[in-house]
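Me: I would like to learn how to read a few features of a protein model, going slowly and with the cut-offs stated. Could you take me through them one at a time?

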Amino acid sequence: SHFPDIIQPPLYPGILSIFIPLFNEPEFAGRVVSAAFGSLLIIPFFFLGIKVFCRKVAYIGSALIAIYPALIESSSTPLSESLYIFFVFAAILCGWIALERWEWKYSAIAGGLFGLSYLTRVEGIAYLIFFFLISILFSILKRKGLRGLFVATSAVIGFLFLVSPYHVYVWKNMGSFFTVPKINLILTHRAISRNLISTMSS
């Protein structure tokens with residue numbers, strides 16, 4: 001093919017490429033990755049439960065998600081959902097700590113984790129936008145001034161630090177920084193199809 005295989009975000013396939021040689025079976029490797037990150041989800045969920053509610057609620061909530069049928073199913077199928085959900089919850093936890101302590105380091109980590117969720121599924125960018133807006137709103141309400149703005153901006157910087165190499169690669173191969181390469185690729189194929197039809201008709 002003359003077109004690069006960058007239709008899907010790269011993180012999940014990249015992780016699979018590490019596990020597939022270990023098991024020599026792509027589907028089983030996908031199940032291992034899903035099960036691993038589905039299990040790891042309990043960690044950020046537990047600490048987020050402590051932050052939002054209390055330790056007792058965190059224990060109960062963690063036990064419930066461990067037996068929740070939809071999460072069990074996603075953790076047993078070779079799809080990107082478990083990886084994506086893990087990074088989203090880990091990012092929300094770090095973002096909560098950042099707004100609790102108003103420390104830019106946690107905000108940057110949250111942005112990086114949002115970046116990893118975006119590199120798993122492009123919908124992850126919506127969480128970054130929401131966190132940035134919430135950070136700006138809270139900084140105004142709590143009168144944090146430049147410190148609040150710096151915390152909010154740190155998340156964007158952390159995000160861009162993680163996703164920039166991917167978009168540079170997209171630009172080099174597609175000639176565009178388009179957020180969703182799949183759409184750009186579809187448009188390219190459509191243009192080629194029209195040229196072929198025009199050539200055959202003439």
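**Reading helices and aromatic pairs**

Reply: At 1.5 Å a residue, the 13 residues of helix 4 (residues 55–67) should span 18 Å, and its end C-alpha atoms are 19 Å apart, which agrees. The expected span is 1.5 Å times one less than the number of residues, while helices (H or I, at least four residues) are DSSP runs numbered from the N terminus. This is a predicted model, in which local features need pLDDT of at least 70 and side-chain atom pairs count only at pLDDT 80 or more, whereas totals for chains, interfaces and linings use all residues. Residues are numbered from 1 along each chain as its sequence is written, and side-chain values use heavy atoms, with hydrogens and water left out.

Me: Which residues of helix 4 are buried?

Reply: Buried means under 20% relative accessible area, exposed over 50%, and partly exposed in between, with a 1.4 Å probe and protein chains only. In helix 4 the buried residues are Ala58, Gly61, Ser62 and Ile65. Seen down the helix axis, these buried residues of helix 4 fall within an arc of 100° (taken from the directions from the axis to the C-beta atoms), so they line one face of the helix. The face turned away from the buried side of helix 4 carries the exposed residues Lys56, Leu64 and Ile67. Helix 3 (42–52) and helix 5 (69–74) are among what covers the buried residues, where contact means heavy atoms within 4.5 Å.

Me: How many aromatic pairs are there?

Reply: A pair of aromatic rings is described by the distance of the centres and the angle of the planes. Rings of Phe, Tyr and Trp (its six-membered ring) pair if their centres lie within 6.5 Å, and planes under 30 degrees apart count as stacked, over 60 as edge-to-face and the rest as tilted. By this rule the count comes to 12 aromatic pairs. One of them is the tilted pair of Phe45 and Phe89, with 5.7 Å centre to centre and 50° between the planes. This pair links distant parts of the chain, since Phe45 is in helix 3 and Phe89 in helix 6, 44 residues apart.

Me: What sort of pair do Phe114 and Tyr127 form?

Reply: Phe114 and Tyr127 form a stacked pair, 6.5 Å centre to centre with 5° between the planes. Phe114 lies in helix 7 and Tyr127 in helix 8 (residues 124–141), so the pair ties together parts that are 13 residues apart in sequence. Phe114 is buried, with a relative accessible area of 2%, whereas Tyr127 is partly exposed at 34%.

Methods
Helices (H or I, at least four residues) and strands (E, at least two) are DSSP runs, numbered from the N terminus.
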